[in-house]
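User: I am new to this structure. Please walk me through it in short questions and answers.

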Amino acid sequence: MKSKLVLAIILCIQIQIAWAQARIRYDKKGQATPSAVQPFGEEAFNVQNETVIRWLGNAGFFINSRGTCIMIDPMLKGFDMPVLFQAPITPEQVPHLDAVLITHCDNDHYSIPSCTGLSSACFQYHSTHYVDTLMRQQGLPSFGHGIGDEFRIGPVSVKLTPAYHLWQNEMEEFRRLREYKMEDYCGFLINTPDGLIWAPGDSRFLPEFLELPSPDVIFFDFSDDSWHIRLEGAIKIANTYPDANLILSHWGTVDSPDMKPFNADPRSLEGRIINPERIHILNPGEPFILKKSYKESYTEKDTGNMVFKCGEQVMSEYYTGKVYISDVAHQTKFDINHLVFAPNSRNTWHIHPDAEQVLLILDGEGYYQEERQEVIRIKKGDVIRTPANVKHWHGATSENRLVHLSITERTNKGHIEWIK
């Protein structure tokens, strides 16, 4: 029986590898590029009952969220280097856009030919304050924002996330023009009715990238360039959000084999990503339907096989999803609490001041992570010890609830300190 199970697992892995290889081709220069392009037209902009994402090539994406249409960093024509394929749609073919979002001023992200070509169909453009000044010079109806600012596009809310991409300051020809600042670059958290999307933009790895609300989709830049997140950083991000779908971006588009930012190879991710089935190698223009990465079926009445009763639901900014806590015992030297995390719920980063904590996993599966450490999967029967003052979080997987007891030492500094 075990040998049949092993063979089935090996077969599944082989099928997945073959599927991935079928969607990638390599040119004579060794550059990985998508196997095909799927052009699309007006039909992709119609009102629908779901959110559909399409990769446009390089770092560009098109999102139709129930009829609200947004493009991010579209590079649809006029790039100043040779490209490996034609974009799946031209600016002239776009019937309407509610907004264009631009992460920074590099011309493979802020493509002036693309943005001006879209201006007759687009109502508004959004970026950082600096890129806003550039877009206004082109006569575009643009808006500038600071890092952390939020704005709405119909039912979609957008928040700017930080980015670190000051490569121009290392080159005198650019420094003579201006000193670039951190706030000139950004990413976007895009909250749609069907799930949360994170477009990181171009950036070196930042610790803040591991402290976001859990995205359902990440536009995944895995190029191993010093001014990008780099491969190791990308893997760390992917495994911090182990249920997020990863749509590969910033690869396979520009014909420049000596430039790392444009030449990531999807094969470099093999065997290094938790839940590898969530890696999506899309062809340009191919639709991807966004869905929340957790099951909605859990209710507070689902208490079968619990040793302790399910407590009251916690209503706090420090918990995402449904979390239920009940007191089991309070002693002079320690507290014992019973916690139930519904699928895809978690707590945020926190410490226990001068207090050690032990988690006894009673049921289900989840994740646990300490600062600067890889996320680990935990399951029924595991015992997790957290040293005093160590920053950490824990929560359920997308498929299963997590039930545990927490045993925490008592000190005069309080039970918990949340880290914002």
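**Cysteines, a sheet and salt bridges**

Analyst: The structure has zero disulfides, a disulfide being a pair of cysteine sulfur atoms within 2.5 Å. This is a predicted model, where local features need pLDDT of at least 70, side-chain atom pairs count only at pLDDT 80 or more, and totals for chains, interfaces and linings use all residues. Residues are numbered from 1 along each chain as its sequence is written, and side-chain values use heavy atoms, with hydrogens and water left out.

User: Which cysteine sulfur is nearest to that of C69?

Analyst: C69 is in no disulfide. The nearest cysteine sulfur is 11 Å away, and it belongs to C122.

User: Is C105 buried or exposed?

Analyst: Buried means under 20% relative accessible area, exposed over 50%, and partly exposed in between, with a 1.4 Å probe and protein chains only. C105 has 16% relative accessibility, so C105 counts as buried.

User: What is the strand order in the open sheet of seven strands?

Analyst: Strands (E, at least two residues) and helices (H or I, at least four) are DSSP runs, numbered from the N terminus. Two strands pair if DSSP finds at least two bridges between them. Here the pairing is mixed, and the order is β8-β7-β6-β5-β4-β3-β16.

User: Which strands stand at the edges of this sheet?

Analyst: Each edge strand has a single partner strand, so one side of each is left without a neighbour in the sheet. The edge strands are β8 (142–145) and β16 (287–290).

User: In which sense do β7 and β8 pair?

Analyst: Strand β7 covers residues 125–128. Y125 stands opposite S142 in β8. The two strands pair over four bridges, and the sense is parallel.

User: At what angle does helix α3 run to β7?

Analyst: Helix α3 (residues 129–137) lies across β7 and β8. Axes are lines fitted to C-alpha atoms, for helices over the stretch in contact (heavy atoms within 4.5 Å). Angles run from 0 to 180 degrees between N-to-C directions. For α3 and β7 the angle is about 135 degrees.

User: Which residues of α3 are buried?

Analyst: The buried residues of α3 pack against β7 and β8. They are Y130, V131, D132, L134 and M135.

User: How many salt bridges are there?

Analyst: A salt bridge is a side-chain nitrogen of Lys or Arg within 4 Å of a carboxyl oxygen of Asp or Glu. By this rule the count is 19.

User: Why does the salt bridge of K391 and E211 tie together parts that are apart in sequence?

Analyst: The closest N and O atoms of this pair are 2.7 Å apart. K391 lies in the loop between β25 (383–386) and β26 (392–396). E211 lies in the loop between β12 (195–199) and β13 (217–221), so the parts tied together are apart in sequence by 180 residues.

User: Which residues are linked with K391 in a network of salt bridges?

Analyst: K391 is buried, at 12% relative accessible area. E211 is partly exposed, at 33%. The network links K391 with E211, E371 and R372.

User: How far apart are the closest N and O atoms of D335 and R410?

Analyst: D335 is buried at 7% relative accessibility, whereas R410 is partly exposed at 42%. The two form a salt bridge, and the closest N and O atoms are apart by 2.8 Å.

User: Which residue forms a salt bridge with D363?

Analyst: The closest N and O atoms of this pair are 3.1 Å apart. D363 sits in strand β23 (residues 357–370), and its partner in the loop between β26 and β27. The partner is R401.
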